[in-house]
Amino acid sequence: MKGKYHIVVQNNRLRYELDIRRNITIIRGDSATGKTKLINLLEQAADFGEGSGVEVICERPCRTLGGRDWNLVLPNIHEQILFLDEENSFVKSQEFASAVKASDNYFVIITREDLPNLPYSVDEIYGIHISGRYHDLKRTYNELYHIYSPKAFSGKERPEAVVVEDSNSGYEFFHAVCEENGIDCMSAGGKSNLKTVMRQLDKEPALVIADGAAIGSEMNELYQIMCQRPAVKCYLPESFEWMILKSGVIDGKSVQDILNHPEDFVESRNYFSWERFFTVLLMEYTRDSYFKYSKNRLNGTYLHEKIKSAILDVMEGVSWRE
């Protein structure tokens, strides 16, 4: 399943409106923010149809998934948008993560907890905002908003230290850039280690670079650290491969078309996260050229001055030279 879908769930008192464009979307929030009511409306619509007074508007079927037999039900559901709430403890299991990976459905998970088994994007974590837009109709309008919008430095600021999520080609690229500009650079050795490395940083300002496409489960703690240490910032592109494609060094109008609307090209059953999609895309487009890309070891071509500068220009607000 791929594509972007606009969903409206409403009755004569409540209205929820949201856009879904990836295989995993997270809705967070404390009690009394309307999360459970959304699930209840969908269940009423499924159980009683038009008699429920609930209207569900979407190009794809929308339904809830839960209960002890979820793992028997899910394989028989295809290309639908499935809503799950935090009362279903299985959403934290590896079994559920494996089922999502093999599924051609989209999943909207309502939870206050982090889900480390699932590679969800920082861009797809939402809260529910309640406005008085429909007070005259005695209806509460609920729309989703981004909880995390982490950015790099405002203005052109030079970091004293850089932390890169992994130790592959992305790290080799930024290590080379930092080395020639006298900036400390280290690898966190994986997204789960980022929070520990961030707390131990002894130089500021510091910049953390990680794949935003799969780091959602870590963002709660990372955001708290950034609040405690304002000089530590995060730059969270989809992935390093996305940065290369975005830079324009790889020719092709089709590449930019994909970058403008990736949701129309990423088949959820084939790619657990968009990071993997962009890696495969870059490798395919460079297979028979001197730009040939490998995730494990950086092709030295990407460190040529013009190419390197084009990739770094994708990052706004960061200066690498004194």
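**Terms and values**

Tutor: Mean pLDDT (the predictor's confidence in each residue, from 0 to 100) is 89 for the protein, with 92% of its residues at 70 or more. Residues 133-138 fall below 50, and that stretch has 8 contacts (heavy atoms within 4.5 Å) beyond near neighbours in sequence. This is a predicted model, so local features need pLDDT of at least 70 and side-chain atom pairs 80 or more, while totals for chains, interfaces and linings use all residues. Numbering runs from 1 along each chain as its sequence is written, and side-chain values use heavy atoms, leaving out hydrogens and water.

Student: Which residues of α4 are buried, and what do they pack against?

Tutor: Buried means under 20% relative accessible area, exposed over 50%, partly exposed in between (1.4 Å probe, protein chains only). Ser169, Gly170, Tyr171, Phe173, Phe174, Val177 and Cys178 qualify. They pack against β10, β11, β12, α7 and α10.

Student: Why is α8 called roughly antiparallel to α9?

Tutor: Angles under 35 degrees count as roughly parallel, over 145 as roughly antiparallel, 65 to 115 as roughly perpendicular and the rest as oblique. Helices α8 and α9 pack at about 175 degrees, axes 12 Å apart, so roughly antiparallel it is. Ser254, Val255, Ile258 and Leu259 of α8 meet Phe277, Phe278, Leu281 and Tyr285 of α9.

Methods. Helices (H or I, at least four residues) and strands (E, at least two) are DSSP runs, numbered from the N terminus. Axes are lines fitted to C-alpha atoms, for helices over the stretch in contact, and angles run from 0 to 180 degrees between N-to-C directions.
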